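Here's a quick briefing to read with the model open beside you. Start with the overall build, then work through the cavity, the helices and a handful of individual residues.

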Amino acid sequence: MKFRYKYSILIGFTILTLSACVTKKYTRPEVTSVGLYRDKNTTDTTTMADLQWKSLFSDTTLQSLIQQGINQNLDLKQAIERIKIAEATLIQSRGALLPTLQADVNVTDNKASAAAQNFPAGININLETQTYKAQLSTSWEADIWGKLSSAKRGAYATLLQSDAAKRAVQTQLIATIANNYYTLLALDKQLAITEQTIKIRLQDVETMKALKEGAVVNGAAVVQSEANLYAAQVTLPDLKRSIKEAENALSIILAKAPGSINRTTLDQQTPYNNLQTGISAQLLQNRPDVIAAEFGFRSSFENTNVAKAYFYPALTLTATGGLSSLQLQDFFSKSIFYNLVGGLTQPIFARGANKARLKTAEANQQIAFYTFQQTLLTGGQEVSNALYAYQTAAEKEETRAKQIASLTKAVDFTKELLRYSSATNYTDVLTSEQSLLTAQLSGINDRLQKLQSVVELYRALGGGWK
């Protein structure tokens, strides 16, 4: 008994050694992960990616929309179904390590003619017999070269890749809802400013008519004021259409029919300003698409292991046992049979299939590596772009406020000069009013850029799934 135990240990150790010679253990490949953030060098590992998304967005209405999207979005639901597919594949690959077991129960009728049984000529005899059979069959392939284990690890990596992909969908979903929401608020603000401008220009038209009657201005000033009014009015239909389209787009993201969206105002939004990025190497564990890309590489790495194992012999053990009898009354007493077969299959000529399989697996592994590196580099680029977008928006916001204040005074001054002196004409008023409206609308875009750059930075760092 002790000898058999030692012999079993020796066999197991030999199998592990042989397997290690053929298949390799996975280690993360060398990828560029340091210094990916342009013009930002820090050793502080604190990152806003660790924030819960509710901590980033203080607007409770927006929080409600994001939660609705997480619960209902159809892209996210598809990602969840893909995880189920990967889970089923993993269960199947695990089962390949276990022996198969089949049961078979049958009754067979056999007929033989007299000639077949060599009876004398002229005697017509038909023989009929029945065979009763019940058997169990099992087959097991010994995983000597690690082919089945590698396939299982590859399936597990695919499962983890699907899960990471689902998290990537969620981070993108949160960012998309927030960006669409802020766009909608910006359009509301632009509409409000345009409508206020139209009211002012209506008053300007009446003022110009009164000044013409007083011989202060001529008819040209009146028609110019009317044209200025129409220039503002003509933008209303497009603004309203853009608002409807933005509402419809956000509705689809929330998996509901196009309709109105409950929202607050742009002035109520407070951008998150503690923009901590951590170090770029943290993208490897924080950003879901980078994580998914690495698991994709890991899966292809295990597929290469599987392809290598096909060049080596496969050891299969097959056993069959059961009951078989010509007489039903003897079925459980005189009918036991069994057999045990061990087979070693060595591929000799497979028409290049094994070589093609390995070459394909190695190429796919290299493609997966490039995808992994590219995804990581893209992550660094997106973080850098979002940081710079926030900085430029903040700079523009400060300067834009001064511009709007100056243009507001310019409009007031030119109107006063037009009303009480001949030092100016209505063209000056028109120019200053148009410049003011353009600056006000640009100021809204600056505010929108600042809000959306925070959202993009959060997503680029891998925030939203924890």
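Helices here are DSSP runs of H or I with at least four residues, strands are runs of E with at least two, and both are numbered from the N terminus. Counted that way, the protein chain has eleven helices and four strands. Keep in mind that this is a predicted model.

**The chain as a whole**

- The protein chain runs to 466 residues, and 39% of them are buried.
- Take the contacts in the chain with a separation of 6 or more: 83% of those are between residues 24 or more positions apart.

**The cavity**

- Searching the whole structure turns up one cavity of 30 Å³ or more.
- The volume of this largest cavity is about 90 Å³.
- Its lining has 13 residues, and those closest to the centre are Leu 56, Phe 57, Tyr 182, Thr 270 and Pro 271.
- What sort of residues make up the lining of the largest cavity? Nine are nonpolar, three are polar and one is charged.
- Which helix gives the most to that lining? Helix α11 (residues 426-461) does, with three residues.

- Helix α9 spans residues 288-309, which makes 22 residues, and stretches 32 Å from its first C-alpha to its last. That's close to the 32 Å you'd expect at 1.5 Å a residue.
- α9 is mostly covered, with 19 of its 22 residues buried.
- Over in helix α11 you'll find Ser 453. Is Ser 453 buried or exposed? Ser 453 counts as buried because its relative accessible area is 4%, and the cut-off for buried is under 20%.
- Leaving out residues up to four places away in sequence, Ser 453 touches Ala 386, Ala 389 and Tyr 390.

**Positive phi in two loops**

- As background, most residues other than glycine have a negative phi.
- Asp 39 has a positive phi, near 55°, and is not a glycine. Look for Asp 39 in the loop between α1 (2-22) and α2 (53-56).
- Asp 39 has a relative accessible area of 77%, so Asp 39 counts as exposed; exposed means over 50%.
- Ala 255 is another non-glycine residue with a positive phi, this one near 60°. Its place is in the loop between α7 (236-253) and α8 (283-286).
- At a relative accessible area of 32%, Ala 255 is partly exposed.

**Partners from other parts of the sequence**

- Gly 146 sits in the loop between β2 (127-142) and α5 (147-213). With a relative accessible area of 3%, Gly 146 is buried.
- Lys 355 belongs to helix α10 (residues 353-420). Lys 355 is exposed, at 62% relative accessibility.
- C-alpha to C-alpha, Lys 355 and Phe 311 are 8.5 Å apart in space, and in sequence they are 44 residues apart.

Technical notes:
Residues numbered from 1 in each chain as written. Predicted model: local features only at pLDDT ≥ 70, side-chain atom pairs only at ≥ 80, totals over all residues. Heavy atoms only, no water. 1 Å grid on protein atoms, 1.4 Å probe; cavity = no way out; pocket = protein on both sides within 12 Å on 5 of 7 lines; lining within 4 Å. Points joined across faces, edges and corners; volume = space filled by probe spheres on them. Nonpolar A, V, L, I, M, F, W, Y, C, P; charged D, E, K, R; others polar. Buried < 20%, exposed > 50% of the residue type's maximum accessible area, 1.4 Å probe, protein only. Contact = heavy atoms within 4.5 Å. Expected span 1.5 Å × (residues − 1).
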